[in-house]
Each structure stands twice: as C-alpha cells, then as structure tokens.
Amino acid sequence: MSAAARRHRPFGHWSPESGQPWVIAGPCSAESLDQVLETARALKADGRTQLFRAGVWKPRTRPGAFEGAGYNALEWLQIMRAEVGLPFVVEVGNPQHVERALAAGADAVWIGARTTVNPFYVQEIAEALKGSAVPVLVKNPIHADVGLWLGALERLDKMGLSDLAAVHRGFFATHPEPYRNDPRWELSFELRRLAPDLPIFCDPSHIAGQRDLVESVAQIAMDLALDGLMIEIHPQPDDALSDAAQQLTPERFSSLLDRLAGYIESADPVALALSLSTDREALDQIDAQFVDLIQQRQVIVERLAHRKLQQGASVFQMDRWVDMLEQREAQAQQQGLDPKYVKAFFELVHRYSVQHQAAIYQAQRRDEA
Ligand code: PEP
Ligand code: MN
C-alpha cells in the first residue's frame, strides 16, 4: 500500500515529505547553547525535522524546579537557527513571553497544556499575538475538555491568527499507568470532527512519560492518521533539567523514525465500504441487541429501586457492587477479554443504574409528599 496519496494539512511554510508525518523535535528545555546546538545539529543531519522545539520558560508543578533559561535561551535559539538552519518554536504562557518570542523572531509558538485551560490567559496571548502572522500550536488542556481546546483555537482565529495547529499531549491521569498522561484518543477525533482542516500533532513524549513507550505511542498516532509528531530529544536525556525520563537521544529518535510505519491511507473508499459492509451489519445487529438488553436491564433496575425503597434500603449496596464487578471481571478473563475494558463498561452501566434509581427515590418521595 502506498502512503503517497496523503496530502498534508497546511501549517507554516514548511512541509514534510509526502506520506511522512510532520516532525517537531528538540529538548524539553533549552539548557545551554551547547545543548541546543548539539541537539539541533543531530536533528538537521537526520533531515526529517521541520521545526526545532525548546522550552524557554517552563511551567513547573512545584517552585524551585528548573524554570527555563528565559531570554538567554531565546538567544541560543537564534544562534542555532543562524548556524544550523532549523526554524524554532517556543512555548508562550503570557503576553511578555509573546513579546520576547516575537522580538527574537520565533518561527512559531505553542501554548502549553497548563495555559490552554484558562480562557483569560489564552485571550491575553491571542491579543499579544494579534498582527503577527506567526503559526501557533495549541496543546490540549490538561483535563479532557475539547470545548476549551477548540475555544483556545477560536480565540486565536478571532485575532486574525489563521496559521494554527493542535497538539494532542494526553490528559491528566489519576492512575498514570502505563502512560504519564491518558491519551483519550477519542478527544482528538472529536476535535477533528469539529475542525476538519486543522492539523493535529501528537506529542508522544508527554503522553508516554517514559522513553520506552514513546515509539509505540508515536506509531498509534500515525495509525490514527494524526498529522505529525512533537517529540522531546536531548543529547544526554538522563541529565536533562526537565522531563528526563521521557526524552530520547537523537540517535534513538532517528531509529524511531526509521521504524515508524508511514500512513496507511490509500484505500479506495468505495471498495473499503464494500469489504467492511457484512461485518459492519453484524456489528449493527449486536449493538441493537445491546440496546434491547439495556432496556430489559432498566426494567429490572426500576423494579429493584421500588423494592429497595419499600424495604428501607439505600440505592447503593456496596457488597452487591463488589460482587458484581468480580463476577464480570472473572467472566471477561475466562473469555479472553480485557477485564479492564469490561470493568469500565460495567462502571458506566452501574453509574447509570444508580442515577436512575436515585431519581426514582426522589420521584416516589415527591408523590408521597
Ligand atoms: C512541554 O512541551 O515541554 C510542555 C511543558 O508540555 P505540556 O504543556 O504539554 O505539559
Ligand atoms: Mn517537557
């Protein structure tokens, strides 16, 4: 299958080779002129990176951690561009950052996940960027809210910034296993549905959080047809001043790109629909049965609610819930299904059932009052 049919969604004035992803690469943080130059030279020699990334001001969770080299780092990036020839992109978190980044001739800027969450910040940044034609990348907000993500892009668009892209970097995970940030890929599909022409990059470094997982996340992003990758590269990752666990050496990055299977998008839509139709019809039938079963389940759930209320029992019965989950997970295991998937499914079913029963309790009380 040839991947050459893929056309890139436009961003900036660079473009990757046909059939290849967009690539933005560079260190989490610019730490010294030497580190910036060493990384950039290796990426330039590899030849597949369109934009060099480096954090100049770093949003750190706790104070006291390395907060970026600031204006010095902007100078290192300008030197890098003059000497190595790669355009650069930096993160901006407020209007002062924008002013300094634009003064340094940044080729693009990105808005970080901790900034996208706040419409006040995004608005201020958008206003500061107004009048420049600089390309802007918007990372997804930390929490899974596509509205905020799209809203940030719209705020920029309203200020006349039309050269935009999104970066999917995963979402806050209560249980960061195996990934540091939960990919929730369905949210980038939703963004694609709402903004079909917007390029969406994946940042597998911040999703994975550890270098051994970066490649497989990057491959998933390709298989899901995201437009490009933003990956953190450091010449000595273990000594990095931020995000040491997830950065790759330039050598490892080159071999990752060598191994990455390109886009698979050459299918003829008519032949594809035809070859999938029988299985899709079978799935439609199964799903119709699901809905029937949910309805049958609901009738029983309602009966149970009335009985529990009559008996003076509360809606939620912990023993029953624990038992139920164990049974379902054991059955999943026996039948070769992923127990986590089956558990998540029944959590949803049960959550709805509890809500519905609570509503029945309330309605009953209203009737009695
Ligand atoms: C980064 O790219 O280094 C960064 C801080 O990312 P995020 O905003 O996605 O956490
Ligand atoms: Mn980082």
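Student: So helices are DSSP runs of H or I with at least four residues, strands are E runs of at least two, and both are numbered from the N terminus. Where does Ala 225 lie, then?

Tutor: In the loop between helix 9 and strand 10 (228-232). This is a predicted model, in which local features need pLDDT of at least 70, side-chain atom pairs need 80 or more, and totals for chains, interfaces and linings use all residues. Residues are numbered from 1 along each chain as its sequence is written, chains are lettered from A and ligands numbered from 1 in written order, and side-chain values use heavy atoms, with hydrogens and water left out.

Student: OK. What is phi of Ala 225 near?

Tutor: Near 65°, which is a positive value in a residue other than glycine. Most residues other than glycine have a negative phi, and most peptide bonds are trans.

Student: Which residues does a cis peptide bond join here?

Tutor: Glu 177 and Pro 178, with omega at about -10°. Pro 178 sits in the loop that links strand 7 (171-172) to strand 8 (181-182).

Student: Back to helix 9. At what angle does helix 9 pack with helix 10?

Tutor: About 30°, where helix 9 covers residues 211-223 and helix 10 covers residues 250-259, and their axes are 10 Å apart. Helix 9 is therefore roughly parallel to helix 10, a label for angles under 35 degrees, whereas over 145 is roughly antiparallel, 65 to 115 roughly perpendicular and the rest oblique. The axes are lines fitted to C-alpha atoms over the stretch in contact, and angles run from 0 to 180 degrees between N-to-C directions.

Student: Which residues make the contact?

Tutor: Helix 9 brings Arg 211, Asp 212, Val 214, Glu 215, Ala 218 and Gln 219, and helix 10 brings Arg 252, Leu 256 and Arg 259. Contact means heavy atoms within 4.5 Å.

Student: And helix 3 with helix 5: within what distance do the axes come?

Tutor: Within 8 Å, with a crossing at roughly 30° between helix 3 (residues 95-103) and helix 5 (residues 119-129). These two helices are therefore roughly parallel to each other as well. Pro 95, Val 98 and Leu 102 of helix 3 meet Glu 124, Ile 125, Ala 128 and Leu 129 of helix 5.

Student: What is Ser 132 in contact with, leaving aside its neighbours within four places in sequence?

Tutor: Leu 102 and Leu 161. Ser 132 is placed in the loop between helix 5 and strand 5 (136-139). A polar atom of its side chain is 2.8 Å from the backbone oxygen of Leu 129.

Student: Now helix 1 and helix 2. At what angle do the axes cross?

Tutor: At roughly 35°, coming within 10 Å, for helix 1 (residues 33-46) and helix 2 (residues 71-84). The contact includes Leu 33, Val 36 and Leu 37 of helix 1, and Trp 76, Leu 77 and Ile 79 of helix 2.

Student: Switching to ligand 1: which residues surround it?

Tutor: Those with a heavy atom within 4 Å count as near. They are Cys 28, Arg 53, Lys 58, Glu 91, Trp 110, Gly 112, Ala 113, Arg 114, Lys 139, Arg 169, His 206 and Glu 232.

Student: How far is a polar side-chain atom of Arg 53 from an oxygen atom of ligand 1?

Tutor: 2.7 Å. For Arg 169, a polar side-chain atom lies 2.6 Å from a ligand 1 oxygen. In the side chain of His 206, an N or O atom is 3.4 Å from an oxygen atom of ligand 1. Polar contacts are pairs of N or O atoms within 3.5 Å; within protein, one atom must be able to donate a hydrogen and the other to accept it, and residues adjacent in sequence count only if both atoms are side-chain atoms.
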